[in-house]
Amino acid sequence: MAQAAVALDNVSKTLGGRPILNNISFVVEQGDVFGYLGPNGAGKTTTIRVIMGLFPPTSGRALILGKNAGSDDARQRVGFVLEADGLYENMTGYENLDYYSQIYGLSPTAKGRRIDEMLEMAGLGDRAGDKVASYSKGMRQRLALARSMLHDPDLLILDEPTAGLDPTGQLEVRQTVLDLAERGKTVFLSSHNLDEVQRICSRIALIDRGEIKLSAQMDDVRSGETSLEQTYVRLTKGGDR
Amino acid sequence: MRQTTVILKKDLREALRTGAFYLHAGLALVIMAVVGVRALGGVIGGEIDALIEQGLAPAEVVSAIEPLMGTTLVMLALSLMLVFCLFGTAQNLTMEKTKRSLESLLCTPLSLKQVCLAKSLAIFVPCVVFGLILAFAAVAGTNQLFLAPRAGQSVMPGAASLTAALVAVPLIFFFFVTLLVALQLIITRVQWVNAVLVGLLAAVVVPLNYGLLGSGLASQSIVFVSLAVAAALALLTLGLSRLVTKERIMLNSKG
């Protein structure tokens, strides 16, 4: 049986004496498009930081493809688009990808081809030589997605990848995620957008006040008596934290 | 090491594209021209005049002035590196933290040590190159404009001073930079770190310059003093490095 792409086992995280995550457990299988839902302040970003090895769990265990989440090996197999895209505005789109391709250790011969492929996929081939400062929000997000896939990772962590995008931009990002899923990549998608999650995710988990309130197959949610929106509102009691 | 070089090259390239880099290079040039050549020419020139008045032969004057010239070179090199660092290159990490590109870098397979080393070198390398070039240029300019006409020949720093300037001062500066980077990473208001260090520069290094020049500290002593300062900074950096964790960096990266 294949190793889980992400496995969180009773993970708790306390920051500044305040519990942020409280014994959360879930498994993301390889090939899943996993939607991670929850209101603002529920603990989504902290969960992502634990998965990315930025925050060590206070207790419990976080594994990425069978390896400790904090290990360099695990991070080598993960691509990410975080809440802030983290692009270098003074550099061109091409230079941003070139920089990360070197950090991920791509060989000089593979690097150029891979960057061109990713720019093509992101629809930025003709703007590759422009500084990122001149890009629209949608272009930046597509470039960040391209950067996340440079090293052909097995797992993609996407934190609100469509936030702030216009409908066309959202559609493009969703299509990219679906294309990745078709190629067998695992996608961990943190989102507020219930419609988006329903369209593209195969499994979901819902977090509120640092606790997992729901973990289910999307098909089961769809076939239930209540809609995802109703379930979300019921389990989170409505709003941001 | 290869990835450290990748970050170093990127940071240097990015720094060269910012207007602030050239503004601060210009500021360092002004400091060199005003403090380095004008003031030092006056101080050392006055010293030469006094020795000549005492009836010393030109060779004896040159020999008597040599330690002072050595101290000048060492302190000027250090001052220029600090000015260029605090007003210029050290701002890059501040930007990377507030724009949160550092967060993305920490999610890559790079270790925290690699990131810290690369960020330190990206500040260290241009400052050392600029500091040494400008300090030697100031010594040459001072000789040409003020000293050679009085003493009849140029006064070059001795071997001990050259060792201090080329080895001990860069060593002091390297540990200063690693300390600065560690503080910038774990303190939320990075601008305060820079401001406090600029204040320290004004309060300690500048008076120290004049004090050392006035005392004419012997060349041998300046090597030992410099190495002792470098060792103290290294110990401080080592102690502080225990506090630098990814979690602490993230929690203090709110811009």
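1. Largest pocket. In this predicted model, 30 residues line the largest pocket, and A:Gly41, A:Gly43, A:Thr45, A:Thr46 and A:Glu83 are the ones nearest its centre. The pocket holds about 640 Å³ of space. Both chains take part in the lining: strand 2 (18–28) and helix 1 (44–51) of chain A, and helix 10 (246–251) of chain B, each give at least two residues. By type, the lining has 11 charged, 10 polar and nine nonpolar residues.

2. Cavities. Two cavities of 30 Å³ or more are found.

3. Contact between the chains. Chain A brings 30 residues to the contact and chain B brings 26. About 2,700 Å² is buried between the two chains, and carbon and sulfur atoms give 57% of that area. Four salt bridges cross the interface. In one salt bridge, B:Lys99 meets A:Glu89, with an N to O distance of 3.3 Å.

4. The pair B:Glu247 and A:Lys13. The side chains of these two residues form a salt bridge at 2.6 Å, N to O. B:Glu247 belongs to helix 10 of chain B and A:Lys13 to strand 1 (residues 6–15) of chain A, so this pair joins two chains. B:Glu247 counts as buried because its relative accessibility is 18%, where the cut-off is under 20%. A:Lys13 is also buried, at 4%.

5. Salt bridges within one chain. Over all chains the structure has 25 salt bridges. A:Asp85 and A:Arg140 form one of 2.8 Å, N to O. A:Asp85 sits in the loop between strand 6 (78–81) and helix 3 of chain A, while A:Arg140 is in helix 5 of chain A, so the bridge ties together parts 55 residues apart in sequence. Both residues are buried. In chain B, the closest N and O atoms of B:Lys10 and B:Asp11 are 2.8 Å apart in a salt bridge. B:Lys10 is buried at 1% relative accessibility, and B:Asp11 is buried at 8%. These two belong to a salt-bridge network that also includes B:Glu14, B:Glu96 and B:Lys119.

6. Helix 3 of chain A. Nine of the 11 residues in this helix (residues 93–103) are buried. Among them are A:Glu95, A:Asp98, A:Tyr99 and A:Tyr100. The cover comes from both chains and includes helix 4 (108–121) and helix 5 (137–148) of chain A, as well as helix 1 (2–16) and helix 5 (101–106) of chain B. Just after the helix, A:Gly105 has a positive phi of about 75 degrees.

7. Most residues other than glycine have a negative phi. A:Asn23 has a positive phi, near 50 degrees, and is not a glycine. A:Asn23 is part of strand 2 of chain A and is partly exposed, at 44% relative accessibility. A:Glu160, also not a glycine, has a positive phi of about 50 degrees. A:Glu160 lies in the loop between strand 7 (155–159) and helix 6 (167–182) of chain A. Is A:Glu160 buried or exposed? A:Glu160 is buried, with a relative accessible area of 15%.

Definitions and conventions
Residues numbered from 1 in each chain as written. Chains lettered and ligands numbered in written order. Predicted model: local features only at pLDDT ≥ 70, side-chain atom pairs only at ≥ 80, totals over all residues. Heavy atoms only, no water. 1 Å grid on protein atoms, 1.4 Å probe; cavity = no way out; pocket = protein on both sides within 12 Å on 5 of 7 lines; lining within 4 Å. Points joined across faces, edges and corners; volume = space filled by probe spheres on them. Helix = DSSP H or I, 4+ residues; strand = E, 2+ residues; numbered from the N terminus. Nonpolar A, V, L, I, M, F, W, Y, C, P; charged D, E, K, R; others polar. Buried < 20%, exposed > 50% of the residue type's maximum accessible area, 1.4 Å probe, protein only. Contact = heavy atoms within 4.5 Å. Buried area = accessible area lost by both parts, 1.4 Å probe.
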